[in-house]
Amino acid sequence: PQRIYYLSLEFYMGRTLQNTMVNLGLQNACDEAIYQLGLDLEELEEIEEDAGLGNGGLGRLAACFLDSMATLGLAAYGYGIRYEFGIFNQKIVDGWQVEEADDWLRYGNPWEKARPEYMLPVHFYGRVDHTPEGVKWVDTQVVLAMPYDTPVPGYKNNTVNTMRLWSAKAPNDFNLQEFNVGDYIEAVLDRNLAENISRVLYPNDNFFEGKELRLKQEYFVVAATLQDIIRRFKSSKFGCRDPVRTCFETFPDKVAIQLNDTHPALSIPELMRILVDVEKVDWDKAWEITKRTCAYTNHTVLPEALERWPVSMFEKLLPRHLEIIYALNQMHLDRVAALYPGDIDRLRRMSVIEEGDCKRINMAHLCVIGSHAVNGVARIHSDIVKNTVFKDFYELEPEKFQNKTNGITPRRWLLLCNPGLADVIAEKIGEGFITDLSQLKKLLDFINNETFIRDVAKVKQENKLKFAAYLEEQYKVKINPSSMFDVQVKRIHEYKRQLLNCLHAITLYNRIRSDPSKTFVPRTIMIGGKAAPGYHMAKMIIKLITSIGEVVNNDPYVGDKLKVIFLENYRVSLAEKVIPAADLSQQISTAGTEASGTGNMKFMVNGALTIGTMDGANVEMAEEAGEENLFIFGMRVEDVEALDRQGYNAREYYDRLPELRQAIDQISSGFFSPRDPGCFRDVVNMLMYHDRFKVFADYEAYIQCQSQVDQLFMDPREWTRKVIRNIACSGKFSSDRTIMEYAREIWGVEPSATKIPPPNLPRD
């Protein structure tokens, strides 16, 4: 069969025990067996560490995709890095984020199996020799890549795929070559330098940090993986009479490589290097093969996130790859020049090499020219990609560009984390929805069924009580379980506009204070997420949230009408607890900035209503459920563009809206930071004078929309009917649907629903 290789620098897997039991259909059996031993399975599950080998959406998407590829019976492999330290653990100390190393392997990892027999060499540095026998990359430093395999079971279909993560090992002669005679001890200690490659995950979400160690990580995973892919291709005998396959004509029919963002972009020059330098394939033929094999998924349009590596770094670290990139770029620019004679500016815009004070390699451009398919991750994002970021490339090859709206696996994000809801659904429509989420549509028949409305509301209330108990037990915070659970959990970033949420919280607080006797819809506002350690503004946003909580939660006038809680150390295992308990999901990025979002989908399928902008997959969620069943507010992409053209002036909103002015003045004056009145001057200064994400422009519409949320929440029956409608219309957002589209439209394979016979039965 054609093999699919999903290359990603991140796999945000979370815990594995419960997921394995669910997919193997063993959960009840294990539950019972453990119970008979006098143990509690849930307590046991809480002991497992999260595999936190990702930052957020991109890494979690890779994990959902692995689950769907196995469930759809695809011959798929996830390839990445076995980081010794994953995403940091977040502690809140005095209201500030403090990072702690995530030593997740401290007690060992029972799910992985080291495969030393497949260890492979990876080369760095050195120089290039052009000889009559061809090109040689010589005098390199070698690092060994040790594979660790983790099984990826499909849902009750007896398919088990593999996630192979590489760990860096120094060769035994490392630094002990002839020129280093004297210092044996030093040389052995220097092994750490090589092994640092797989030490730690870079903790940036949507931000490029051009560090040499990161480039080493990117090449390390690519070089090891491509050797593995080619070894497997050569040893499979399909349609090939050679004892060892040396003809690469059929390579793209047997191998599909999906690049998860530009991080594994070096796959393109590396595959060219192997084909041309090692396997002696003709250059043009090799380029054909490479393009037909690779496909690229774009994950963001934020300019600060695009990878642009200094040429000088490549020169030193990967000299042969630099030569290949120059040659590919020349070929590409010749083609553009032929089609658009004299259009020098177009050549500059489309080049893989950016000229300037520091020459850089634009990895996204490399991916576009080296792939047969380029996709965005939600319809609106794919349109923005075609019309702005890669506009010139789209004009050149429109057939390359596709959309593949993201999805989430219903196994982890419904069955595993919300068994109560899954039961209530199965009772009405059977269990088919677990592998065909579009069947949730059948729930529309029960939108007026009083028992079903009551059952759905009851499950939500139980989930809220359970989460409230968890918060009290873990963090000693008491919350009102009958209040509206208003949740925004995601990485902290200016574009995600946690600050807009803060301004609403302050506005609610001020309204309660100005008329404490008036009836308010009680709310518990929960905000969670990690800030990149070097992202000053994001850390200030966390401090602001905790400071608002400090004031609001201790004000006797407020009582339990309003609480503001910062959820510490948000991660996959915490998402599995908080999402099923949420009433309101906040997806409030500035239109045109959130490529897709996937948390939005998790909330939808778990019975929360969404307040959000027309951004990312929110657009398609509103289309599926009906815009009147979400709380949509604020500027659309067109409005944002119009505002950019006329110039965004925050002052104008500050002057015009008294409640906004009051909130900003409170932050500014130190009302929320009495010990350090100037604490938030950077935040206020940003909001007033250089806010790229236009928080104030959406404030009025947001506050107004939140009032509508309050109105509906006071009518529990109507609220629950909207919830049911949302759940019923969430079927499109299964990663099974996403992967089917990738398989058919990019990889050229047909998913199979057939169940492999179990290992205890003979196979045909």
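Colleague: Lys-602, buried or exposed?

Modeller: Lys-602 is buried, at 8% relative accessible area. Buried means under 20% relative accessible area, exposed means over 50%, and partly exposed is in between, using a 1.4 Å probe and protein chains only.

Colleague: What should I know about the model itself?

Modeller: It is a predicted model: local features need pLDDT of at least 70, side-chain atom pairs count only at pLDDT 80 or more, and totals for chains, interfaces and linings use all residues. Residues are numbered from 1 along each chain as its sequence is written, and side-chain values use heavy atoms, with hydrogens and water left out.

Colleague: Fine. What does UniProt list for Lys-602?

Modeller: The UniProt entry, which is unreviewed, gives "modified residue: N6-(pyridoxal phosphate)lysine" at Lys-602. UniProt positions are in the numbering used here, feature names are shortened, and annotations may be inferred rather than shown by experiment.

Colleague: Which helix is Lys-602 in, and what does Lys-602 touch?

Modeller: Lys-602 sits in helix H23, residues 599-605. Helices (H or I, at least four residues) and strands (E, at least two) are DSSP runs, numbered from the N terminus. Leaving out residues up to four places away in sequence, Lys-602 touches Arg-60, Ile-408, Trp-413 and Ile-579. Contact here means heavy atoms within 4.5 Å.

Colleague: On to H24. How many of the residues of H24 are buried?

Modeller: Six of the eight, in residues 618-625, so H24 is largely enclosed by the rest of the structure. The buried ones are Asn-618, Val-619, Glu-620, Met-621, Ala-622 and Ala-625.

Colleague: What do the buried residues of H24 pack against?

Modeller: Their partners include helix H15 (379-389), H23 and helix H30 (716-728). Strands E23 (584-587), E24 (609-612) and E25 (631-632) are also among them. Gly-626 follows H24, with a positive phi near 95°.

Colleague: Zoom in on Asn-618. What does Asn-618 touch?

Modeller: Asn-618 touches Gln-587, Asn-600, Gly-612, Thr-613 and Leu-630, not counting residues up to four places away in sequence. Asn-618 is buried, with 3% relative accessible area. Its C-alpha is 9.1 Å from that of Ala-378, 240 residues apart along the chain.

Colleague: And Asn-406, where is that?

Modeller: Asn-406 is in the loop between strand E19 (401-403) and helix H17 (410-416). Asn-406 is buried too, at 5% relative accessible area. Its contacts, not counting residues up to four places away in sequence, include Leu-61, Phe-65, Ser-596, Met-601 and Arg-737.

Colleague: How about Lys-156, what is its phi?

Modeller: Lys-156 is not a glycine either, and its phi is positive at about 50°. Lys-156 is in the loop between strand E11 (141-153) and strand E12 (160-169). At 39% relative accessibility, Lys-156 is partly exposed.

Colleague: Helix pairs next. At what angle do H20 and H29 cross?

Modeller: Roughly 55°, for H20 (residues 498-514) and H29 (residues 695-713), with axes that come within 10 Å. That makes H20 oblique to H29. Axes are lines fitted to C-alpha atoms, for helices over the stretch in contact, and angles run from 0 to 180 degrees between N-to-C directions. Under 35 degrees counts as roughly parallel, over 145 as roughly antiparallel, 65 to 115 as roughly perpendicular, and the rest as oblique.

Colleague: Which residues of H20 and H29 meet?

Modeller: Among them, Leu-500, Leu-503, His-504 and Arg-511 in H20, and Phe-696, Asp-698, Tyr-702 and Ile-703 in H29. The H20 contact with H29 has seven nonpolar, five polar and two charged residues. Ala, Val, Leu, Ile, Met, Phe, Trp, Tyr, Cys and Pro count as nonpolar, Asp, Glu, Lys and Arg as charged, and the others, Gly among them, as polar.

Colleague: Last pair. At what angle do H27 and H28 pack?

Modeller: About 145°, with the axes of H27 (residues 658-669) and H28 (residues 681-689) 9 Å apart. Ile-664, Ile-667 and Ser-668 of H27 meet Val-684, Leu-687 and Met-688 of H28. By class, that contact has five nonpolar, one polar and no charged residues.
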